[in-house]
Amino acid sequence: MHYNKSNVRLSVLFWLLYFLYEWLGQAALSSEYLRYLINASVIVPITGMATWFTIEVLIKKFLLKKRIVAFRIGFVVGLVAFTLIRRAFNYFYTYPHYWPEGLKTTSYWWFPKLLIEGVNIYLIVALYTMFYFLRAWYEQQRLAQELQRDKAIAQLELLKNQVQPHFIFNTLNNIYSLSLKNSPRTSDLIYRLSSLLSYMLYDSRQEFIPVSKEMEYIHNYIELEKIRYGERLDVAVNCFDSVDQFTIPPLLILPLVENSFKHGVSNDVGNSWIRVDLSVKDDWLTVKIENSRISDAYNGHAVYKGIGMENVKKRLEIIYPERHEYKCMSEGQSFLTILKIKKS
């Protein structure tokens, strides 16, 4: 869960109320306000550290990643450590100052007292953890609704930006010209155009598709675009590792390839090139898309923006939180986009 301003405010409110309870709530029974102010100033941070350790380490790094043995060991270690810390404060500070006779009747290791200290800490830990994950669930529901809305917008925007009427018109004209020459490529290009339209209209409705399927339609898109550029365009698509185990949301890589044509190749009247590389390492899929560009384009700064690209970024943030890397960079007379996605 991201720590936005709303989440920070709720967390601060929770710990403030708990601090006031440990201080004023306890002091109201005996009017010992200084004693319980000192007590709250120590107990609340100890409980806060126990809560942070439970959520950020035990749950996020162990439990949610199915490292059950590590979670159990970590939980026991944390429980014992924080219980002993709280017990040490009460035994070595509270008892000598406010209940010296307790030192004579109980030992530091007296189990009932240790049990009470542990329960007092982990009741608050459990309460905050429940509170934390209720917020996370609510946030996830909100993001899921946003994703559905953005997905619909993405499909419409991609259809408008990628399969624009002039793209279809130009492609059909080019295919028609080839047919007049009895080119053997005619039937293949008609098939590719049909497949591309089918993918965007129907297959894109699926939640996830194999990477290989997305790449199949990227090949179709490239072949159709190459009609316009002839011999002056060189396109290379390389898949260095098997991607059969990877699935991605449809229309995730295609806009990046389309961007190379729209903002790179189409602005260059000379020879131009595009290179698409896919590789897999340690459960990470890496997609590198590089294209030539005019050296003085955009005054030397190749910053490609648009609804399609912003939509890709937003979808990555929602679908792959903390499991993706996305960056674009200008390298002399080329522009490079790198997308990395970790397997779920």
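Mentor: Let's start with the second largest pocket, which holds about 460 Å³ of space. Keep in mind that this is a predicted model.

Trainee: Okay, which residues lie nearest the centre of that pocket?

Mentor: Those are Asn-39, Arg-86, Asn-90, Glu-117 and Asn-120, out of 19 residues that line the second largest pocket.

Trainee: And which helix gives the largest share of the lining?

Mentor: That's H5, with six residues. Helices H1 (5–30), H2 (33–63) and H3 (68–98) also supply at least two residues each, as does H5 (111–162).

Trainee: How do the lining residues divide into nonpolar, polar and charged?

Mentor: You get nine nonpolar, five polar and five charged in the lining of the second largest pocket.

Trainee: Switching topic: how do S6 and S7 pair?

Mentor: Strand S6 (residues 324–331) runs antiparallel to strand S7 (residues 334–342), with eight bridges between them. For instance, His-324 has Ile-341 in S7 as its bridge partner.

Trainee: What's in the turn of that hairpin?

Mentor: Two residues sit between S6 and S7, and Gly-332 in the turn has a positive phi of about 65°.

Trainee: Last one: which residues touch the most other members in the largest nonpolar core?

Mentor: Val-211, Ile-248, Val-257, Phe-261, Leu-278, Leu-285 and Leu-316 do, in a core of 48 residues. Helix H8 (residues 211–229) gives the largest share of this core, nine residues. There's also a second, separate core of 11 residues, including Tyr-18, Val-44, Phe-89 and Tyr-132.

Note on methods: Residues numbered from 1 in each chain as written. Predicted model: local features only at pLDDT ≥ 70, side-chain atom pairs only at ≥ 80, totals over all residues. Heavy atoms only, no water. Pairing = 2+ DSSP bridges. Helix = DSSP H or I, 4+ residues; strand = E, 2+ residues; numbered from the N terminus. 1 Å grid on protein atoms, 1.4 Å probe; cavity = no way out; pocket = protein on both sides within 12 Å on 5 of 7 lines; lining within 4 Å. Points joined across faces, edges and corners; volume = space filled by probe spheres on them. Nonpolar A, V, L, I, M, F, W, Y, C, P; charged D, E, K, R; others polar. Core = buried A, V, L, I, M, F, W, Y, C linked by side-chain atoms within 4.5 Å. Buried < 20%, exposed > 50% of the residue type's maximum accessible area, 1.4 Å probe, protein only.
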